[in-house]
Amino acid sequence: MTTRDEIWQQVRELLDELFEVPAEKVKPETRLYEDLDLDSIDAVDMVVHLQKRTGKKISPDDFKTVRTVEDVVNAVEKLVREG
């Protein structure tokens with residue numbers, strides 16, 4: 001998972017696997033809490049799975065401001081780029 005497109009695809013697959021969110025519902029501007037009805041426990045679960053997929057430790061601070069799917073992609077892309 002190194003390119004933005006690969007990260008985007010992984011996030012879409014993860015949302016489908018974990019929360020049964022259809023791919024067509026996942027857009028960059030899709031809000032995690034309001035549009036997808038995720039809660040903070042779901043967000044933690046998603047971070048744990050992203051850590052496994054990237055092999056990188058994700059800081060909780062990096063995800064405090066995450067509100068949309070694009071925010072998730074940006075955070076993971078930054079993590080991968082820095083690592």
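Me: How should I read the accessibility of Asn 74: buried, partly exposed or exposed?

Reply: Start with the cut-offs. Buried means under 20% relative accessible area, exposed means over 50%, and partly exposed lies in between (1.4 Å probe, protein chains only). Asn 74 has 31% relative accessibility, so it counts as partly exposed. Keep in mind that this is a predicted model: local features need pLDDT of at least 70, side-chain atom pairs count only at pLDDT 80 or more, and totals for chains, interfaces and linings use all residues. Residues are numbered from 1 along each chain as its sequence is written, and side-chain values use heavy atoms, with hydrogens and water left out.

Me: Where is Asn 74 placed?

Reply: Helices here are DSSP runs (H or I, at least four residues), strands are E runs of at least two, and both are numbered from the N terminus. Asn 74 sits in helix α4.

Me: How many helices and strands does the protein have?

Reply: Four helices and zero strands. From the N terminus on, the order is α-α-α-α.

Me: How does the radius of gyration compare with the globule rule?

Reply: The radius is taken over C-alpha atoms, and the rule is 2.2 Å times the number of residues to the power 0.38. The protein comes to 11 Å, close to the 12 Å that the rule gives for 83 residues, so it is as compact as a globular protein of that length. The C-alpha trace spans about 30 × 25 × 20 Å along its principal axes. Buried residues make up 36% of the 83 residues.

Me: What is the accessible surface of the protein?

Reply: Areas come from the Shrake-Rupley method with a 1.4 Å probe; for residues, only the protein chains shown count as cover. The total is about 5,100 Å², and 47% of that belongs to carbon and sulfur atoms.

Me: How do I describe packed helices?

Reply: Two packed helices are described by the angle between their axes and the distance between the axes. Axes are lines fitted to C-alpha atoms, for helices over the stretch in contact, and angles run from 0 to 180 degrees between N-to-C directions. Here, take α2 (residues 40-54) and α4 (residues 69-82): their axes come within 12 Å and cross at roughly 35°.

Me: Which hand does the crossing of α2 and α4 have, left or right?

Reply: A crossing is left-handed if the near helix is turned anticlockwise from the far one by less than a right angle, and right-handed if clockwise. The crossing of α2 and α4 is right-handed.

Me: Which residues make the contact of α2 and α4?

Reply: Contact means heavy atoms within 4.5 Å. Helix α2 contributes Met 46, Leu 50 and Thr 54, and helix α4 contributes Val 72, Val 76, Leu 79 and Val 80. For classes, Ala, Val, Leu, Ile, Met, Phe, Trp, Tyr, Cys and Pro count as nonpolar, Asp, Glu, Lys and Arg as charged, and the others, Gly among them, as polar. By class, the contact has six nonpolar, one polar and no charged residues.

Me: What does Gln 51 touch?

Reply: Gln 51 belongs to helix α2. Leaving aside neighbours within four places in sequence, Gln 51 is in contact with Lys 56, Lys 57 and Ile 58. Gln 51 counts as buried, at 19% relative accessibility.

Me: Where is Thr 68, and is it buried or exposed?

Reply: Thr 68 lies in the loop between α3 (60-63) and α4. Its relative accessibility is 16%, so Thr 68 counts as buried. Neighbours within four places aside, Thr 68 is in contact with Pro 28, Glu 29, Thr 30, Arg 31 and Leu 32.

Me: What does Asp 35 touch?

Reply: Leaving aside neighbours within four places in sequence, Asp 35 is in contact with Lys 25, Glu 29 and Thr 30. Asp 35 and Lys 25 are ten residues apart in sequence and 8.9 Å apart in space, C-alpha to C-alpha.
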